[in-house]
Amino acid sequence: MTTEPVQGDPAQERLRRWRLVLGGDPADGTGRALTGRDAAMDGALAALYGKEGRPRAGRDRSAGLGASAPAVARWLGDIRSYFPSSVVQVMQRDAIDRLGLATLLLEPEMLEAVEADVHLVGTLLSLHKAMPETTKETARTVVRKVVADLEERLATRTRATLTGALDRSARVTRPRHHDIDWNRTIAANLKHYLPEYRTIVPERLIGHGRASRSVRKEVVLCVDQSGSMAASVVYASVFGAVLASMRSIDTRLVVFDTAVVDLTDQLDDPVDVLFGTQLGGGTDINRALAYCQSRITRPTETVVVLISDLYEGGIRDEMLKRVAAMQAAGVRFVTLLALSDEGAPAYDREHAAALAALGAPAFACTPDLFPEVMAAAIEKRPLPIPDAG
């Protein structure tokens, strides 16, 4: 019996999908057998989500991928044929987590077969120290492709949003003629319209400063590189490179675990930044913030962005005092629990509440929202904190 969907029969299509979800064991209740493409899709799903070594009903091969690199390579090719890219990426992550396939990524042939995404980059970075030399160049190629895709997606909007924020933050009330913002000046002086002369006599001129001609803002990205923050490290590196390309922003990128590493001099190449990180290990937020604080030269023109799940292994009270001191000096302090598409990970809620009490609420931020968060921080207006619900 074929299981290809019957045109115009929603019930049959629904039954087919349930059969693929439930896996075909006798207890699934569908009574369906699979053939053709559906059978192949079911085989790919069973290899990952089936019970290891146990034959599935209606099939002549057992579930599981084992530890065979050729078998895994074939499976990776299969799922790319049967499923959209977003599903392939989820299945790859599940294969790494459920079946312990991370070590197979040390082989160049395997890296060439996978669907590259942010999470794969995080896995490769965690394996970097164990990679043989024959694999490292392939790994860099994979990471570079993902970084290039992210830059293409994020760079233009980030630059446009922050350029606007810089211009607004530099707005002056006694501008030179060629710096006048005529639209805002007219809007602010409409009450001074003279009907008999059909003109406006402006009492207040609004104009732009020259933010693009000199560094006007300093941004410090302070990024936790513990294992749970892998995706955030990837996105922070990309955004760091984008910000560093803007002449009006002096950008510093600092990563930390129990040690602190300043990667600012590598910001022209985010791939170099990523391979300069060391995912995993402990966390000493206080030490990292102490380093960042020591590098601030113009507090009132500085934004510090701490990206961390806030599981502090250092001195908690000192960390909070340091944040309060920076804010008292005029620094705009932003706390992001994550910079990724997945939302907030597990995080230390007590530390998050303590930071919120200091006026630095901690929240998860998607890459698409990050430019708006930075623009608000630069302009010193309320942050666009997502609804927790």
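Predicted model: local features only at pLDDT ≥ 70, side-chain atom pairs only at ≥ 80, totals over all residues.
Residues are numbered from 1 along each chain as its sequence is written. Local features need pLDDT of at least 70 and side-chain atom pairs count only at pLDDT 80 or more, while totals for chains, interfaces and linings use all residues; side-chain values use heavy atoms, without hydrogens and water.

Six strands form an open sheet with mixed pairing, in the order E5-E4-E3-E6-E7-E8. Strands (at least two residues) and helices (H or I, at least four) are DSSP runs numbered from the N terminus, and two strands pair if DSSP finds at least two bridges between them. Strands E5 (260-262) and E8 (362-365) each have a single partner strand, so one side of each lacks a neighbour in the sheet. Strand E8 pairs with E7 (residues 332-339) in the parallel sense, over 4 bridges. Opposite phenylalanine 363 in E8 stands leucine 336.

Helix H6 (residues 118-127) is mostly covered, with 8 of its 10 residues buried. Buried means under 20% relative accessible area, exposed over 50%, and partly exposed in between (1.4 Å probe, protein chains only). Among the buried residues of H6 are Val118, Gly122 and Leu127.

Helix H1 (residues 10-22) contains valine 21. Valine 21 counts as exposed because its relative accessibility is 62%. Together with Trp18 and Leu22, Val21 forms a nonpolar patch on the surface, with about 320 Å² of accessible area in total. Patch residues have over 30% relative accessible area and no salt bridge, and nonpolar side chains (Val, Leu, Ile, Met, Phe, Trp, Tyr) are joined within 5 Å. A salt bridge is a side-chain nitrogen of Lys or Arg within 4 Å of a carboxyl oxygen of Asp or Glu. Accessible areas come from the Shrake-Rupley method with a 1.4 Å probe; for residues, only the protein chains shown count as cover.

Key. Patch = residues over 30% accessible without salt bridge, like charges linked within 9 Å, V, L, I, M, F, W, Y side chains within 5 Å.
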